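This report describes one protein for a reader new to structural analysis. Please consult the sequence and the model while reading.

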Amino acid sequence: MQDLAQAVYLTLGLTILGGYLLGSIPFGLIATRLGGAGDIRQIGSGNIGATNVLRSGRKDLAAITLIGDAGKGIVAVLLARWLSHGNPAIIALAGGAAFTGHLFPVWLKFKGGKGVATFYGVLLSACWPVGLLAAVTWLAVAALFRISSLAALVAAALAAPFALATDQAAPFTVLCLFMAVLIFIRHKDNISRLLKGQEPRIGKKKTAEEPPTPDTDLAG
């Protein structure tokens, strides 16, 4: 029994710490620096996510950032699935750790993005029906209102109901709630601007010469 307990604790430690460290990788900052676009923290909103990278005018770097931020959530979940032989609780903990790592990355003094791309990566790999429904929700709201933050907030709010509707394991529903709460907290400025009708629409470009504004990043 003691050996089994030690194995469980080791698996938990590896998945949670590994997930957090993977989530902490700042792909937006790495992509813009290596791509010659400068420091993304000095562009637009100052956020390290894909939407703000797009404001640099580099669609290629924004795509790399989006894939990287979603991919680290996917890798964290798949590693946890393999190490735990599919245990939903451990998978959810690893996904939550990767998401937290993006929001509070150790490499950037715990000042990270908003987690939306990582949110989708975690959901698509942990419970793909929920991830797919959330992605469709984002696309529909974004197409209708052209406001990325609103699309992200609606998709996050509906993730847990989607998990219940598709009969997902309880740890995945808790994971959806956990990520949704943090997304809403990180989007508090966006929510304030939405209520005032001042939130920027998709496609608005900011340049490096403009001072950073309150964060409006979607895939942060």
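Gly96 lies in helix H5, which covers residues 88–103; helices (H or I, at least four residues) and strands (E, at least two) are DSSP runs, numbered from the N terminus. The model is a predicted one, in which local features need pLDDT of at least 70 and side-chain atom pairs count only at pLDDT 80 or more, while totals for chains, interfaces and linings use all residues. Residues are numbered from 1 along each chain as its sequence is written, and side-chain values use heavy atoms, with hydrogens and water left out.

Gly96 counts as buried because its relative accessibility is 9%. Buried means under 20% relative accessible area, exposed means over 50%, and partly exposed lies in between (1.4 Å probe, protein chains only). Leaving aside residues up to four places away in sequence, Gly96 touches Leu175 and Phe178, where contact means heavy atoms within 4.5 Å. Gly96 and Gly23 are separated by 73 residues in sequence, yet their C-alpha atoms are 9.4 Å apart in space.

Thr173 is found in helix H9, residues 170–186. This threonine, Thr173, is buried, with a relative accessible area of 11%. With residues up to four places away in sequence not counted, Thr173 touches Ala160, Ala163, Leu164 and Gln168.

Helix H2 (residues 27–34) has Gly28, Leu29, Ala31 and Thr32 buried. Seen down the axis of H2, these buried residues fall within an arc of 165 degrees, so they line one face of the helix; the arc is that of the directions from the helix axis to the C-beta atoms. An α-helix has 3.6 residues a turn, so residues three or four places apart point the same way. The buried residues of H2 pack against helix H3 (50–54) and H4. Just after H2, Gly36 takes a positive phi of about 80 degrees.

The surface also carries a nonpolar patch of about 600 Å², made by Leu10, Leu14, Val75, Leu79, Trp82 and Leu83. Patches are made of residues with over 30% relative accessible area and no salt bridge; like charges are joined within 9 Å, and nonpolar side chains (Val, Leu, Ile, Met, Phe, Trp, Tyr) within 5 Å. Helix H1 (2–23) and helix H4 (59–84) each supply at least two residues of the patch, and the largest share, 4 residues, comes from H4. Leu14 lies in H1 and counts as partly exposed at 48% relative accessibility.

A salt bridge is a side-chain nitrogen of Lys or Arg within 4 Å of a carboxyl oxygen of Asp or Glu. By this rule the count comes to 5 salt bridges, including those in the table.

| Salt bridge | Distance, N to O |
|---|---|
| Arg41 and Asp39 | 3.0 Å |
| Asp60 and Arg58 | 3.0 Å |
| Arg193 and Glu199 | 2.8 Å |

Arg41 is partly exposed at 32% relative accessible area, and a network of salt bridges links Arg33, Asp39 and Arg41. Asp60 is partly exposed at 40%, as is Arg58 at 28%. Both Arg193 and Glu199, in contrast, are buried.

For the protein as a whole, the secondary structure comes to 10 helices and 0 strands. Its radius of gyration is 17 Å, close to the 17 Å that the globule rule gives for 220 residues, so the protein is as compact as a globular protein of that length. The radius is taken over C-alpha atoms, and the rule is 2.2 Å times the number of residues to the power 0.38. Of the 220 residues, 48% count as buried.

Note on methods:
Areas by Shrake-Rupley, 256 points an atom, 1.4 Å probe, with all protein chains shown as cover.
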